[in-house]
Amino acid sequence: MSEPGFLTATRDSYDTISDAYAEWAADELAVKPVERSVLACFAELAAGQGPMADVGCGTGRVTAHLTGLGADVFGIDLSPGMLAAARKRHPELRFVEGSMTALDLPDESLGSALAWYSVIHVPDAQLPDVFAEFHRVLKPGGHFLLGFQIGEEPARLTEALGHTFDLTFHRRTPEAVAELLRDAGFEERMRVVKQREDEGPFPEKTPQGFLIFRKALADR
């Protein structure tokens, strides 16, 4: 069976820009206090719950940051190029190839998981299945963090960092994402909206959304 076209396009695009992206994004978290505070909150909520998966980990910068906060975290990504960059920059950490559409993990094997700007490449029609897959691999009570761009319409990017490629960014409202997560069996714990920033080395065209949900406990 052939894979969905959005997976092929996403993999090929990130393979193309992996080295340039790793260099460009290396210091991003250092200048983003809101993002660091969200990750710190998530790491504390997830402490002691078991292994954490950074799904769509890219170059591993968030994986490494969470490790520094004490998380037992490993990375999963679709792109071999991005994984090679992650392993080069963080050889002490574990990174594996995989897709959030079909995680190669047993049921209820994770204590927590995050998709930090990675479900943004998943079309609306496939998003419920992706959230169901996260729900499957999380233990009851396990926490799930999402970071995404807020908006109503998708955006397409075909050139950046000196390369041409084809990436679609699906922008969504926190309300819409939260409803899908509740439908998948998650409970909301925290919601943060960061307004767009036009200044600094990493300007943003849209507000940013951060949601922390928890898989409902089995006895509820």
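The buried residues of helix H4 (80-89) pack against helix H1 (5-25), strand S2 (73-77) and strand S3. Here, buried means under 20% relative accessible area, exposed means over 50%, and partly exposed is in between, using a 1.4 Å probe and protein chains only. Contact means heavy atoms within 4.5 Å. This is a predicted model, where local features need pLDDT of at least 70, side-chain atom pairs count only at pLDDT 80 or more, and totals for chains, interfaces and linings use all residues. Residues are numbered from 1 along each chain as its sequence is written, and side-chain values use heavy atoms, with hydrogens and water left out.

**The sheet**
- Helices (H or I, at least four residues) and strands (E, at least two) are DSSP runs, numbered from the N terminus.
- Seven strands make up an open sheet in the order S3-S2-S1-S4-S5-S9-S8, and the pairing is mixed.
- S3 (95-97) and S8 (186-194) are at the edges with a single partner strand each, so one side of each has no neighbour in the sheet.
- On average, neighbouring strands of this sheet are turned by 20 degrees against each other, direction ignored.
- Two strands pair if DSSP finds at least two bridges between them; S4 (110-116) and S5 (138-149) do this in the parallel sense, over six bridges.
- In that pair, Leu110 stands opposite Leu138 in S5.

**Helices across the sheet**
- Angles run from 0 to 180 degrees between N-to-C directions, and axes are lines fitted to C-alpha atoms, for helices over the stretch in contact.
- H2 (33-46) lies across S1, S4, S5, S8 and S9, and runs at about 165 degrees to S4.
- H6 (174-183) lies across S5, S8 and S9, at about 165 degrees to S8.

**The cores**
- A nonpolar core is a set of buried Ala, Val, Leu, Ile, Met, Phe, Trp, Tyr and Cys residues joined through side-chain atoms within 4.5 Å.
- The largest one has 58 residues, and Phe131 and Phe144 have the most contacts inside it.
- H1 gives the largest share of this core, six residues.
- Leaving out residues up to four places away in sequence, Phe144 touches Phe42, Phe131 and Phe213, among others.
- A second, separate core of five residues includes Leu83, Ala86, Leu93 and Phe95.
- Back in H4, the buried residues are Gly81, Met82, Leu83, Ala85 and Ala86.

**Cysteines**
- The structure holds zero disulfides, a disulfide being a pair of cysteine sulfur atoms within 2.5 Å.
- Cys41 counts as partly exposed because its relative accessibility is 28%, whereas Cys57, at 4%, counts as buried.
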